[in-house]
Amino acid sequence: MTCPSCGAVAKPAAAWCGQCHASFVAASPVPAGRWAPAATSPVVVPVHSRWRGGPTSFGPVGRVSWTVAVLLVAAFALFSMDPFFIVIWIGVVGPVLLRSVWKRARIS
């Protein structure tokens, strides 16, 4: 058997040319003027929520609990009158925690 692309000699039972890797098996032709049908798969639309709990997010009870806890520590920081604690907690840690707790999470 000879390769139709490069003319190399191949075994009679070969499916590919050993030199140019051309296929010996004829592909099924696509009807003229039409595209081959694409494989269809179900489209999953992601759902994001701040209130519904998901596998990686808090539900409303967890989010409100975290918010109350952050605000209690912020009140403690203000009543302690320690400037370092106030700046660190109210200026850095509190906002970062609240932003991560209240960000929209993917539910499905």
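Visitor: Which residue just after α1 takes a positive phi?
Guide: This is a predicted model. Look just past the end of helix α1. The phi there is about 60°, and the residue is M81.

Visitor: How many residues does α1 have, and what distance does it reach?
Guide: Helix α1 covers residues 60-80, which makes 21 residues. At 1.5 Å a residue, 30 Å is expected. From its first C-alpha to its last, α1 is close to that and reaches 30 Å.

Visitor: Are α1 and α2 roughly parallel or antiparallel?
Guide: Their axes come within 10 Å and cross at roughly 175°. Angles over 145 degrees count as roughly antiparallel. The two helices are therefore roughly antiparallel.

Visitor: How do the residues of the contact of α1 with α2 divide?
Guide: From α1 come residues including V64, W66 and L78. From α2 come others, among them F85, W89 and W102. They divide into one charged, three polar and 16 nonpolar.

Visitor: Is A105 buried or exposed?
Guide: A105 is found in strand β2. Its relative accessibility is 10%. Buried means under 20%, so A105 counts as buried.

Visitor: What is the C-alpha to C-alpha distance of A105 and W51?
Guide: In sequence, A105 and W51 are 54 residues apart. In space, C-alpha to C-alpha, they are apart by 9.1 Å.

Technical notes. Residues are numbered from 1 along each chain as its sequence is written. This is a predicted model: local features need pLDDT of at least 70, side-chain atom pairs count only at pLDDT 80 or more; totals for chains, interfaces and linings use all residues. Side-chain values use heavy atoms; hydrogens and water are left out. Helices (H or I, at least four residues) and strands (E, at least two) are DSSP runs, numbered from the N terminus. The expected span of a helix is 1.5 Å times one less than its number of residues. Buried means under 20% relative accessible area, exposed over 50%, partly exposed in between (1.4 Å probe, protein chains only). Axes are lines fitted to C-alpha atoms, for helices over the stretch in contact, and angles run from 0 to 180 degrees between N-to-C directions. Angles under 35 degrees count as roughly parallel, over 145 as roughly antiparallel, 65 to 115 as roughly perpendicular and the rest as oblique. Contact means heavy atoms within 4.5 Å. Ala, Val, Leu, Ile, Met, Phe, Trp, Tyr, Cys and Pro count as nonpolar, Asp, Glu, Lys and Arg as charged, and the others, Gly among them, as polar.
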